[in-house]
Amino acid sequence: MTEHDKPTKISFVYSNPTDPDAFEAAYSEQVALARKLPGLTRLQTSKVWPKEDGSPTPAYRLLDLYFADYAAASAAAAEAGPLVAATREHATGGVVIAFAEVLEDA
């Protein structure tokens, strides 16, 4: 098994949006677009807890898209134009998108 044969995820790490209400209103569209990606085996959305004092952390939301392997993730990324466009429009605080090898899934 080569490293590219291992399960792969694409993670979207959204920073705090300038308008959280507008972001939340549009977030379901981003999730719906992600669900349409070919080869998607699992989708997980998360909302980051604020700090104990109630102030925001650097990250706001996470969207993790899981695929059987790197090739499947790459094929999905090639079809992700609508998702990336929606993300760029609504992630007004910024977003980091990363491909990652899934090392352990308990």
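Residues are classed here as buried under 20% relative accessible area, as exposed over 50% and as partly exposed in between, with a 1.4 Å probe and protein chains only. The structure is a predicted model, in which local features need pLDDT of at least 70 and side-chain atom pairs count only at pLDDT 80 or more, while totals for chains, interfaces and linings use all residues. Residues are numbered from 1 along each chain as its sequence is written, and side-chain values use heavy atoms, with hydrogens and water left out.

A nonpolar core is a set of buried Ala, Val, Leu, Ile, Met, Phe, Trp, Tyr and Cys residues joined through side-chain atoms within 4.5 Å. The largest such core has 21 residues, and Phe12, Tyr14, Leu63, Leu65, Phe67 and Leu83 are those with the most contacts inside it. At least two core residues are supplied by each of strand 1 (8–15), helix 1, strand 3, helix 2 (70–78) and helix 3 (81–90). Helix 1 gives the largest share, 5 residues. For Leu65, contacts (heavy atoms within 4.5 Å) beyond the neighbours within four places in sequence include Thr8, Ile10, Phe12, Ala34, Leu40 and Leu83.

Aromatic pairs were assigned to rings of Phe, Tyr and Trp (its six-membered ring) with centres within 6.5 Å; planes under 30 degrees apart count as stacked, over 60 as edge-to-face and the rest as tilted. The count comes to 6 aromatic pairs. Tyr14 and Phe23 are edge-to-face, because their ring centres are 5.2 Å apart and their planes stand at 65°. Tyr14 is buried at 0% relative accessibility, and Phe23 is buried at 1%. Phe23 also pairs with Tyr60, with centres 5.5 Å apart and planes at 85°, so this pair is edge-to-face. Phe23 belongs to helix 1 (residues 20–35) and Tyr60 to strand 3 (residues 59–67), so the pair ties together parts that are 37 residues apart in sequence. Tyr60 is buried, at 11% relative accessibility. One aromatic cluster is formed by Phe12, Tyr14, Phe23, Tyr27 and Tyr60.

A charge is assigned over a ring if NZ of Lys or CZ of Arg is within 6 Å of the ring centre and within 35 degrees of the ring normal. Arg61 lies over the face of Tyr27, at 4.2 Å from the ring centre. Arg42 lies over the face of Tyr66, at 4.3 Å from the ring centre.

Salt bridges, defined by a side-chain nitrogen of Lys or Arg within 4 Å of a carboxyl oxygen of Asp or Glu, come to a count of 4. In one of them, the closest N and O atoms of Glu101 and Lys6 are 3.4 Å apart. Glu101 lies in strand 4 (residues 95–101) and Lys6 in the segment before strand 1, so the pair ties together parts that are 95 residues apart in sequence. Glu101 is partly exposed at 36%, as is Lys6 at 28%.

Glu24 forms a salt bridge with Lys47 at 3.9 Å, N to O. Glu24 is in helix 1 and Lys47 in strand 2 (residues 40–47), so parts that are 23 residues apart in sequence are tied together. Relative accessibility is 25% for Glu24, which counts as partly exposed, and 49% for Lys47, also partly exposed. A salt bridge between Glu24 and Arg61 has an N to O distance of 3.0 Å. Arg61 is buried, with a relative accessible area of 12%. Shared partners join Glu24, Lys47 and Arg61 into one salt-bridge network.

Definitions and conventions. Helices (H or I, at least four residues) and strands (E, at least two) are DSSP runs, numbered from the N terminus.
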